[in-house]
Amino acid sequence: MASLSHDVFAKVRGHERAEQLRAAREADVLPYFRTLEGPAGPVVEMEGAERIMLGSNNYLGLTGDERVIRGARAALEQYGTGLTGSRLLNGTIALHLELEQEIADWMGTEEALVFTTGHQANLAALGTLLAPGDTVVADSGDHASILDGCLLSRAKLRAFRHNRMDKLERALKKAADNDDGGILVVVDGVFSMEGDVAPLGHITQLCARFGARLMVDEAHGAGVLGDRGAGASELLGVEDRVDLRMGTFSKSLASCGGFLAGSHDVIDFLRVQSRAFLFTAAGVPAAVGAALAALRILRSEEGPELLARVLDNAAYLHHGLRERGFKVVEHEGDHMTPIVPVIVGDDWKAVLLWRALFDAGVFVNVAIHPAVPPGGALLRTSVMATHDRPTLDRALGAFASVKADFEAQHGPLPV
Ligand code: PMP
C-alpha cells in the first residue's frame with residue numbers, strides 16, 4: 001500500500017485560502033454561499049430578510065417572467081425532468097434544435113450548438129479546436145473557463161495584460177515569428193468582474209494582420225449589448241470578423257446552458273468531436289424551454305425596451321454611486337454594461353463593506369484576488385432591467401449611510 005507521507009489530501013488542510021476563510025467565518029463576514037429563499041428577482045428573500053439584489057446576472061430580469069416559466073413548464077411536462085444522457089446518444093429533443101436555429105438567426109451565423117453549461121461550451125471550443133503546436137492568445141482578464149479550455153488543449157498559451165492592445169500585438173508578433181501552428185485569440189466581449197468591453201475593432205485588425213482566428217465569449221454581452229442584444233461584437237460592428245462566438249443561458253437568458261455560434265464546418269466538427277459536448281448529459285428540458293422562451297422575448301418587439309432599461313439602470317446606479325463618493329470602475333469608450341464595480345482595494349475591507357451592505361438590506365458580489373489583481377478588491381454590483389428607480393434609490397441610500405459609518409471605523413474608501 002502507498003505511504004501516506006505524500007497524501008494527496010494534505011493540501012486540503014494547508015491551502016492558502018484556509019486562514020482567510022477561517023477568519024471570515026469567525027467574524028461572520030463570508031460573502032459566499034449565502035442562501036436565497038425565493039426567486040432571484042430585483043428584491044430577494046435571503047437568509048430571513050428582504051434584500052435588494054445587486055449581485056445577479058439576471059440582467060433582463062426574465063427568470064420570473066410568466067412566459068419563461070411557461071416555457072420551462074411546458075418542456076418539463078412534455079419531456080420529463082431530465083434527459084439522462086448525452087446529446088449524441090439519447091439527449092437531443094426538438095427544443096434543442098429549435099433553440100439552435102433561433103440562436104444562429106439571432107447571432108447571424110450559419111449554425112449554433114447548445115451545451116449543458118457555458119463553461120462546457122468554452123472547454124469544447126478551445127479544447128477541441130486547439131491542439132499541441134497551436135498558439136492561443138488570451139486576455140489576462142478572461143473567464144476561468146477560457147483558461148481551463150486553453151490548458152485542456154495543451155496549445156501554447158500566450159497571455160496579454162487585460163485590454164492592452166500593445167501587449168496583444170506583441171504576443172501575436174511573437175507567435176507569428178516563433179510558433180509553428182495556427183493562432184487563436186480569445187477574449188471576453190464584456191469582462192465579468194470589471195464589466196468593461198473588449199476593444200474588438202482593434203482586436204479584429206490585429207487578428208487579420210497576423211492571420212489569427214478570433215473567438216469572443218459573449219456571456220455578459222449577449223442579451224445586453226447591441227440593437228439585437230447580440231453582444232459586444234454587434235455593438236462594435238465586428239460580427240462578420242469574429243470567427244466563433246460563445247454565450248451562456250445563465251445570465252440574460254434566465255436559465256442554465258451555453259452555446260457556440262459560428263460557421264457550419266466549425267460547429268459540425270464540434271458536434272462530433274468535442275468531449276465536453278459528447279460526454280455529458282444534455283441540459284434538463286426545463287432549462288432548454290426557459291432559454292428558448294427568454295430568447296424569443298428578447299427578439300420580440302419588447303427586446304429593445306428591455307435592453308435600454310438594463311443599461312439605463314446601470315447608468316443610474318453608476319452615477320448615483322459616484323455622486324455618493326464611491327470609486328466606480330470607468331470604462332474606456334464609455335460603454336455602459338450592467339456590471340457596475342465599486343473599487344475597495346483591500347480584500348478584508350471589501351468583505352467588511354459587503355457585510356455592512358448586507359445588513360443594510362443590499363446584496364452585492366465581492367471579487368477579491370485571484371478573481372481580480374492583488375489589491376484590486378471590488379464590490380461587483382449589477383442591475384436588472386426590472387429594477388425600478390425607487391428600489392435603486394433605496395440601494396443608493398443604503399450605500400451612502402453604510403459609507404459614513406464604515407469610514408469612521410475603518411478609514412477612507414478609495415475616491
Ligand atoms: N464565460 C464568462 C465570461 C462567464 O462569466 C461565465 C459564467 N460566470 C461563463 C463563461 C460560464 O458560463 P456558465 O455559467 O453557463 O457555465
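Among contacts between residues at least 6 apart in sequence, what percentage join residues at least 24 apart in this protein? The share is 71%, where a contact means two C-beta atoms, placed from the backbone, lying within 7 Å.

Hi everyone! Before going further, please note that this is a predicted model: local features need pLDDT of at least 70, side-chain atom pairs count only at pLDDT 80 or more, and totals for chains, interfaces and linings use all residues. Residues are numbered from 1 along each chain as its sequence is written.

Now the overall picture. The protein has 15 helices and twelve strands, which are DSSP runs numbered from the N terminus (helices: H or I, at least four residues; strands: E, at least two). Of its 415 residues, 49% are buried, that is, with 20 or more other C-beta atoms within 10 Å of their own, those atoms being placed from the backbone.

Let's look at helix 5, residues 118-129. All twelve of its twelve residues are buried, including His 119, Asn 122 and Leu 126.

Next, a pair of helices. Helix 7 (residues 165-178) packs against helix 8 (residues 200-210) at an angle of about 15°, with the axes 10 Å apart. Axes here are lines fitted to C-alpha atoms over the stretch in contact, and angles run from 0 to 180 degrees between N-to-C directions. That angle makes helix 7 roughly parallel to helix 8, a label for angles under 35 degrees. Among the residues making the contact are Leu 168 and Leu 172 of helix 7, together with Ile 203 and Leu 206 of helix 8.

Conventions. Parallel < 35°, antiparallel > 145°, perpendicular 65-115°, else oblique.
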